[in-house]
Amino acid sequence: MTLVKIPPPREQDVDLSRTYDAVVVGSGAAGGMAAHVLTSQGMQVLMLEAGKKIDINQELRSMEWPYDHPRRGEFPPGNHAIRFNEYTVRQPPYAKGSAFKHVFSYVGGWGGSDYVKNILVDEKDHPYTGTHYAWVRARLLGGKTNIWGRLALRLSDYDFKGKSHDGYGEDWPISYSDIEPYYDKVDLYLGISGHKENLRHLPDSLFQRPNKLTAAEVMLRKSFAQMGRVVTPYRAGVTTDGVKNKYRSKCFGRGACGRRPGGCDIHAAFDSPTGLIYPAMDTGNLTLRTNSIAHEVLVDPNTGKARGVSFVDSQNRRTYEAKAKVVILAASTLESARLLLLSKSRQYPNGIGNSSGHVGHNFCEHVMGPGVTGLVKELVGKPATLDDGKPGGFYVPRFRNLQDRQSGFIRGYGFEGGGGFSIFPGNAWDTPGFGGQFKKSVREHAGAFIGMGGFGEVLARYENYMDLDPEVKDSWGIPVLRFHYQFSDNEKKMCEDMATAGREMFEAAGIEVVGVDKNILTEGWSIHELGTARMGRDPKTSVLNQFQQSHDVKNLFVVDGSSHVSASCQNPTWTIMALAWRSCEHLADEFKRGNL
Ligand SMILES: Cc1cc2nc3c(=O)[nH]c(=O)nc-3n(C[C@H](O)[C@H](O)[C@H](O)COP(=O)(O)OP(=O)(O)OC[C@H]3O[C@@H](n4cnc5c(N)ncnc54)[C@H](O)[C@@H]3O)c2cc1C
Ligand code: SF4
């Protein structure tokens with residue numbers, strides 16, 4: 001079979017003398033979706049992306065075998081990925097004083113770092129300060145969507161109405177019924193693979209063909225069902241049946257996206273450039289400027305409205321202005337908050353859109369670390385099967401604090417996991433012996449292991465926040481973020497329960513437990529940052545309204561995860577895109593009516 005790869009569309013010339021209808025800052029999931037919706041409504045959009053545009057297929061090299069790489073995928077000398085102990089023992093900025101030429105976040109050390117050295121930011125250029133935090137950033141066209149893990153989940157009213165359910169925090173200003181049509185649109189436009197389960201707390205998507213569970217995973221599914229719990233095939237933001245998009249192929253089940261930190265060079269897995277930005281460019285309404293680091297939202301002193309964005313060219317280091325009638329921030333949760341705080345003016349002395357003082361606060365994400373590994377004895381010695389030729393393993397939806405009330409913690413967690421054969425038999429590391437006997441033992445056991453790790457909701461708390469460091473600046477002279485953020489007792493108790501429940505469930509399934517991890521990973525590890533400019537009905541306690549529109553500045557929108565009111569325990573990207581779609585449809589209507 002010949003695979004046709006379509007090159008990116010030709011780019012339009014950037015005209016900075018012109019006032020665009022909208023300027024979008026950032027080209028990840030949120031910025032890409034804003035560009036898609038606004039250009040399809042006929043608006044003229046300029047997108048500013050801080051990072052470069054690279055040949056991503058060449059970077060990911062999804063078909064490369066480990067033995068075809070000179071270092072089996074490892075970094076070249078002089079590069080370093082920050083390790084768990086460095087994050088927890090040292091204080092940020094973690095790259096300060098490092099003898100390595102380039103320093104990357106922990107993701108650089110995960111299963112083949114040579115493939116992400118041009119995708120992740122070099123921590124030396126991009127420092128941050130404050131409390132311990134593992135901040136993973138990807139500065140390039142498409143942002144983190146180039147390497148995301150693809151787990152694509154919906155939130156439910158257990159999440160949107162969390163306060164009504166258990167009294168904690170704030171309800172979102174929307175319900176599931178408000179966002180459901182937009183989840184549907186995202187599913188249909190981008191493609192999602194999964195299996196219907198009819199759960200109120202994890203609504204089904206409009207799924208394409210699901211990936212098959214492996215033998216070990218099927219065993220777990222059957223056993224969990226007896227406990228009223230669910231093991232469902234990984235709900236992947238991957239098109240398995242194909243979508244109408246010439247830049248993307250349907251999934252060939254090569255599993256390459258799971259062997260390294262994400263990435264699919266035929267773009268069956270969603271990424272923002274091929275899924276959203278290139279089709280938007282094909283409308284003729286999108287102009288893209290990469291290497292453009294936005295550092296201030298500009299304000300019209302007469303009206304108080306946003307009039308554009310000031311940015312630094314990352315290559316020539318000159319400052320420019322992009323003029324627009326509407327400004328849309330989509331630089332990711334933490335970078336958008338940074339940009340709001342950086343945009344100080346006479347009208348907005350605490351940063352634009354920050355009359356509430358909530359920008360940077362209520363930060364939330366997912367806590368992870370605890371998990372369980374088991375051995376399915378019935379599978380030892382069975383012939384090898386192709387188990388990892390798919391974009392993910394399985395997902396166990398939340399089962400705590402739904403109808404029940406747990407003692408010790410509120411809210412819940414889910415598990416991500418996988419079992420069966422994989423390209424490299426991880427059990428080789430822990431198998432004793434050497435020679436022929438060692439190899440035999442590794443081979444016999446290779447497909448018999450199964451494991452899963454929890455992702456739990458971190459409660460949004462005003463005290464968890466970030467502000468601008470008064471002294472430290474990045475390589476372009478822009479003040480950096482300073483973290484004031486720690487897990488609370490609720491997260492710690494939840495993690496204890498993850499480890500206990502994980503063990504119990506494996507034992508109930510007749511799986512021999514060979515390892516239980518109880519350690520909590522450093523704050524930030526989940527790469528699911530949320531909540532720094534939350535939505536709400538009350539402008540005194542929230543930054544944005546239900547359409548991600550600033551309460552203070554009506555032509556300013558923030559369409560990324562910073563708007564989320566609580567983290568839930570489901571991965572956020574599908575919700576980020578559904579919300580952005582809803583808000584940008586509203587934005588385009590208001591724009592046409594002359595209300596912005
Ligand atoms: C390894 C990995 C695994 C993941 N797995 C999952 C998963 O399984 N499921 C899930 O839901 N999510 C997952 N995520 C998270 C997911 O990638 C993010 O939720 C999603 O990309 C957020 O989209 P965004 O547009 O807000 O931010 P990003 O994708 O980070 O995009 C933001 C863009 O803005 C640009 N930018 C930043 N600052 C500026 C500035 N000042 N000026 C101009 N441009 C700027 C950046 O360069 C970037 O391109 C994962 C992430 C990683 C890295
Ligand atoms: S399994 Fe599918 S999504 Fe993953 S790399 Fe292969 S083709 Fe792409």
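Colleague: Which residues does T145 touch, not counting residues up to four places away in sequence?

Modeller: T145 touches G28, A29, F270, D271, S272 and P273. Contact means heavy atoms within 4.5 Å. Before we go on, this is a predicted model, where local features need pLDDT of at least 70 and side-chain atom pairs count only at pLDDT 80 or more, while totals for chains, interfaces and linings use all residues. Residues are numbered from 1 along each chain as its sequence is written, chains are lettered from A and ligands numbered from 1 in the order in which they are written, and side-chain values use heavy atoms, with hydrogens and water left out.

Colleague: Why is T145 called buried?

Modeller: Buried means under 20% relative accessible area, exposed over 50%, and partly exposed in between, using a 1.4 Å probe and protein chains only. T145 has a relative accessible area of 5%, so T145 counts as buried.

Colleague: And where does T145 sit in the fold?

Modeller: T145 is in the loop between β5 (129-130) and α4 (157-160). Helices (H or I, at least four residues) and strands (E, at least two) are DSSP runs, numbered from the N terminus.

Colleague: What makes V516 partly exposed?

Modeller: V516 has a relative accessible area of 27%, which lies between 20% and 50%, so V516 is partly exposed. V516 is in strand β17 (residues 512-517). Leaving out residues up to four places away in sequence, V516 touches G371, V372, A499 and R503. V516 and G451 are 65 residues apart in sequence, and C-alpha to C-alpha they are 9.6 Å apart in space.

Colleague: How about P93, why is P93 called buried?

Modeller: The relative accessible area of P93 is 19%, and the cut-off is under 20%, so P93 is buried. P93 lies in the loop between α3 (84-89) and β4 (102-104). A cis peptide bond joins P92 and P93, with omega at about 5 degrees. Apart from neighbours within four places in sequence, P93 is in contact with P127, Y128 and T129.

Colleague: Why do N401 and R411 count as buried?

Modeller: N401 is at 4% relative accessibility, under 20%, so N401 is buried. R411 is also at 4%, so R411 is buried by that cut-off.

Colleague: How do you know that A337 is buried?

Modeller: A337 has a relative accessible area of 0%, which is under 20%, so A337 is buried. A337 is found in helix α10. Setting aside neighbours within four places in sequence, A337 is in contact with V359, G360 and T532.

Colleague: And H358, what makes H358 buried?

Modeller: H358 is at 9% relative accessibility, so H358 falls under 20% and counts as buried. The loop holding H358 runs between α10 (333-342) and β11 (366-375). The residues H358 touches, beyond four places in sequence, are Y462, T532, R534, K540, T541 and V543.

Colleague: Let's turn to ligand 2: how many residues surround ligand 2?

Modeller: 14 residues surround ligand 2, and the closest are C251, R254, G255, C257 and C264. A residue is near a molecule if one of its heavy atoms lies within 4 Å of the molecule. The shell around ligand 2 divides into 10 nonpolar, two polar and two charged residues. Ala, Val, Leu, Ile, Met, Phe, Trp, Tyr, Cys and Pro count as nonpolar, Asp, Glu, Lys and Arg as charged, and the others, Gly among them, as polar.

Colleague: Why is C264 called buried?

Modeller: C264 is at 10% relative accessibility, under 20%, so C264 counts as buried.

Colleague: Last one: how many disulfides does the structure hold?

Modeller: The structure holds zero disulfides. A disulfide is a pair of cysteine sulfur atoms within 2.5 Å.
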